[in-house]
Amino acid sequence: MKMRHFFLAALFGAALAGCATPPSPYGNFIPGAAEAQHRKIAADTVTQLLAVYPPASTRFDLQHVTPDVFGGALVEALRTRGYALHEFQPAPAALVTTSAPGLPLRYVLDQTADARLVRVTLLVGHQSLTRAYLAQNGSMMPAGAWVRKE
């Protein structure tokens with residue numbers, strides 16, 4: 001009988017471990033930044049996407065949740081500028097049906113240890129777009145040009 005209890009406990013533990021998901025390596029990693037700064041970076045990001053991916057023929061599939069201010073502003077700006085956008089749905093793949101997949105879209109918003117430089121990186125399919133910003137006097141100023149890696 002003890003062996004049966006041990007087996008059930010081990011099975012239950014394995015099932016619980018399977019439910020735990022590691023934190024996503026994508027998203028916003030800047031704690032406590034001003035909403036206006038996030039919105040400015042999101043608007044600049046969409047302006048760059050317009051130059052590379054035409055909205056009338058591009059659909060993006062977000063690959064992670066966007067609960068932060070930057071993510072919300074990015075989603076709003078993409079839709080406003082005419083992009084088709086499929087937001088991430090944490091559901092089994094069998095339940096999600098779409099006509100044709102779009103370009104996978106992920107983002108990382110992070111900063112240096114001294115919080116003077118902020119970097120946004122968009123991963124679109126197998127390409128990336130990156131730009132750094134300088135935090136100065138409560139504002140974000142571009143610290144360089146966009147870099148595109150194919």
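Biologist: Let's zoom in on Ala115: what is its relative accessibility, and what does it count as?

Modeller: Quick housekeeping before we zoom in. This is a predicted model, where local features need pLDDT of at least 70 and side-chain atom pairs count only at pLDDT 80 or more, while totals for chains, interfaces and linings use all residues. Residues are numbered from 1 along each chain as its sequence is written, and side-chain values use heavy atoms, with hydrogens and water left out.

Now, Ala115. At 35% relative accessibility, it counts as partly exposed. On this scale, buried is under 20% relative accessible area, exposed is over 50%, and partly exposed is in between, using a 1.4 Å probe and protein chains only. You'll find Ala115 in the loop between β4 and β5.

β5 and β6 have 2 residues between them, and Gly125 in the turn has a positive phi of about 60 degrees. These two strands pair in the antiparallel sense over 8 bridges, with Val124 opposite Gln127 in β6.

Asp110 is buried, with a relative accessible area of 16%. Leaving out residues up to four places away in sequence, Asp110 touches Phe29, Ile30, Leu117, Val118 and Arg119; contact means heavy atoms within 4.5 Å. With Arg119, a polar contact of 2.6 Å joins the side chains. A polar contact is a pair of N or O atoms within 3.5 Å; within protein, one must be able to donate a hydrogen and the other to accept it, and residues adjacent in sequence count only if both atoms are side-chain atoms.

Side chains of opposite charge can pair when their charged atoms come close. Asp110 and Arg119 do form a salt bridge, with the closest N and O atoms 2.6 Å apart. The rule for a salt bridge is a side-chain nitrogen of Lys or Arg within 4 Å of a carboxyl oxygen of Asp or Glu. At 41% relative accessibility, Arg119 counts as partly exposed.

The whole structure has 7 salt bridges. One of them is between Glu76 and Arg39, at 3.9 Å from N to O. Glu76 is in helix α3 and Arg39 in helix α2 (residues 35-52), so this pair ties together parts that are 37 residues apart in sequence. Glu35 joins Arg39 and Glu76 in a network of salt bridges. Another salt bridge joins Arg131 and Asp44, with closest N and O atoms 2.8 Å apart. It links distant parts of the chain, as Arg131 is in strand β6 (residues 127-136) and Asp44 in helix α2, 87 residues apart. Arg131 is buried, with a relative accessible area of 15%.

Last stop: the rings. There are 3 aromatic pairs in the structure. One of them, Tyr53 with Phe60, is edge-to-face, at 5.9 Å centre to centre and 80 degrees between the planes. Phe60 also makes a tilted pair with Tyr83, at 5.1 Å and 40 degrees. Phe60 lies in strand β2 (residues 59-62) and Tyr83 in the loop between α3 (69-80) and β3 (84-86), so this pair ties together parts that are 23 residues apart in sequence. For rings of Phe, Tyr and Trp (its six-membered ring), pairing needs centres within 6.5 Å; planes under 30 degrees apart count as stacked, over 60 as edge-to-face and the rest as tilted. Both Phe60 and Tyr83 are buried, and Tyr53 is buried too. Ring pairs link Tyr53, Phe60 and Tyr83 into a cluster.

How values were computed:
Helices (H or I, at least four residues) and strands (E, at least two) are DSSP runs, numbered from the N terminus. Two strands pair if DSSP finds at least two bridges between them.
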